[in-house]
Amino acid sequence: MLAPVGLAQEQGAQRTDDGMYLISYESKLQPITINRIHNWVVHVETSDGSPVDDAMVTLIGGMPGHDHGLPTMPLATQYLGDGDYLVEGMKFHMNGWWQITISITVESSYDSVTFDLQL
Amino acid sequence: MQFPRKIGGILAVTILLVSTVLWLIWPPAPGAWTESEIELLRSLWIGSLPPVPADPSNAVADDPRAARFGQRLFFDTRLSANGEVACATCHQPEHLFTDGLDVAQGVARGERHTMGLAGVAYSPWMFWDGRRDSLWAQALAPLESPVEHGGNRLQFVELLVSDAQYRSEYAALFDELPELPAQDPAITEVFVNMGKAIAAYERLLVPGASRFDRYVQALLADDERQFEAMLSDDELAGLRLFIGDAQCINCHNGPLFTNNEFHNTAVLPARGKLPSMGRVAAVRETRADPFNCVGRFSDDPDANCAELRFARTGDDLIGAHKTPSLRNVALTAPYMHAGQMTSLTEIIDQYNRAPLAMVGHSEAKPLNLWRNERKQLEAFLRTLSGPLATSPEWLAAP
């Protein structure tokens with residue numbers, strides 16, 4: 001499988017599949033380097049731009065070309081305010097095409113978005 | 001104007017023939033790299049190896065006195081049930097801290113192939129399945145394993161107490177040894193400190209430059225005469241395969257040629273043995289280990305312990321074993337977690353065919369390399385040999 005062409009290492013905000021939220025992330029490790037465990041901040045806002053402060057944020061990832069996931073199980077451990085969630089335990093152990101799916105659950109509603117990432 | 005079809009045909013065939021002949025006479029230079037390939041070469045170069053990462057769980061990790069004490073322990077056969085087995089029995093300095101056997105031979109025959117120790121301090125996980133999360137926690141396990149040293153912590157503390165040099169070295173680093181008979185937790189504290197001293201010693205074992213590294217160094221310095229002489233065309237072609245079509249660099253990445261993570265690549269179990277479950281079974285064991293990063297024996301109660309806290313298990317880790325370093329791979333046969341492969345040719349054939357896994361799911365896909373390409377890849381792997389960058393005083397019993 002080939003990665004989509006021309007992927008930036010980090011992209012801007014992406015709308016979730018059902019259009020409920022606008023999601024962006026920022027890696028606290030710059031540039032993202034393989035084999036180093038680090039944190040991300042995931043930003044969640046509604047489509048009209050208001051920060052979402054009561055979401056359950058989950059993140060999974062993997063390499064579609066290699067049929068394996070992230071080497072770690074990252075968790076959103078802290079709400080930082082202003083729609084920002086601290087996700088600890090991010091780690092990539094291979095260069096190549098990764099997909100990261102961020103899911104947002106608020107009460108009984110659920111929506112998710114998948115980011116492509118080329119390392 | 002209508003171009004005569006016949007002339008067009010002859011022209012096309014001529015161009016094809018001429019370009020084929022030219023390609024045969026002057027194939028693309030094997031050492032002509034693109035910028036992104038040069039970055040990959042730099043990432044594998046020994047000069048990209050950072051200092052050994054800190055271990056806040058071990059207060060004596062970088063204390064030279066602890067390393068000296070640990071070196072003494074490492075080579076001491078009295079730390080065993082039969083007085084014949086030291087760490088150095090399997091981790092032999094003259095064999096780059098391996099033993100040349102399929103599986104380790106301690107007081108009995110083990111299950112796993114002995115891993116080399118050069119660069120071990122860079123790994124967040126120890127053992128083939130990563131069931132320990134620090135070098136000192138790892139060092140404790142073989143000491144009490146019934147097939148390795150076969151000893152027990154009380155016996156070890158008795159030995160330390162009975163040996164004047166150990167007594168003074170220990171007291172200088174930690175505290176006076178307890179009066180015997182003693183009980184836990186005093187006994188286990190001493191046992192843990194032994195592990196921390198052995199770890200301080202092992203942190204000094206780091207790989208040195210190989211011919212491949214001298215090639216990259218000359219390449220980065222733009223020293224054409226140097227780098228052209230360093231690797232043969234076959235070795236260069238093998239290097240190109242390593243970072244390209246053969247996909248070795250996917251897992252054997254970075255200056256240690258390993259990502260220190262776990263992969264199922266359909267390596268068959270040792271003859272007559274059941275397949276090992278590998279990583280999938282080990283995470284629970286590490287979480288339960290009293291000597292792990294979040295346990296009471298860690299020297300830093302505020303340590304982040306991110307690797308342990310966010311360790312993952314899952315179906316894709318069934319049968320997954322740690323990627324070994326490829327530095328000195330030509331000198332450290334046999335290979336794989338049970339020493340079930342004896343030659344580099346055999347390993348390259350395995351990855352070329354990429355059979356289905358007996359358990360779990362193999363990540364490897366067939367490479368379809370030609371026979372001469374497989375030989376070139378092997379030729380490249382043979383350029384990764386080089387002596388450790390560790391001072392010789394550490395490479396023998398003190």
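In helix H14 of chain B, residues 344-353, the buried residues are B:Ile347, B:Ile348 and B:Tyr351; buried here requires 20 or more other C-beta atoms within 10 Å of the residue's own, with C-beta atoms placed from the backbone. Viewed down the axis of H14(B), these buried residues fall within an arc of 95°, so they line one face of the helix; the arc is that of the directions from the helix axis to the C-beta atoms. An α-helix has 3.6 residues a turn, so residues three or four places apart point the same way.

A word on provenance. This is a predicted model, in which local features need pLDDT of at least 70 and side-chain atom pairs count only at pLDDT 80 or more, while totals for chains, interfaces and linings use all residues. Residues are numbered from 1 along each chain as its sequence is written, and chains are lettered from A and ligands numbered from 1 in the order in which they are written.

What covers the buried residues of H14(B)? The cover includes helix H15 of chain B, residues 371-381. H14(B) and H15(B) pack at an angle of about 130°, their axes 10 Å apart; axes are lines fitted to C-alpha atoms over the stretch in contact, and angles run from 0 to 180 degrees between N-to-C directions. From H14(B), the contact is made by B:Leu344, B:Thr345, B:Ile348 and B:Asn352, and from H15(B) by B:Arg374, B:Leu377, B:Glu378 and B:Leu381, where contact means C-beta atoms, placed from the backbone, within 7 Å.

Finally, H14(B) is followed by B:Ala354, whose phi is positive, near 50°.

How values were computed:
A residue is buried if 20 or more other C-beta atoms lie within 10 Å of its own, exposed if 12 or fewer, and partly exposed in between; C-beta atoms are placed from the backbone. Helices (H or I, at least four residues) and strands (E, at least two) are DSSP runs, numbered from the N terminus. Two residues are in contact if their C-beta atoms, placed from the backbone, lie within 7 Å.
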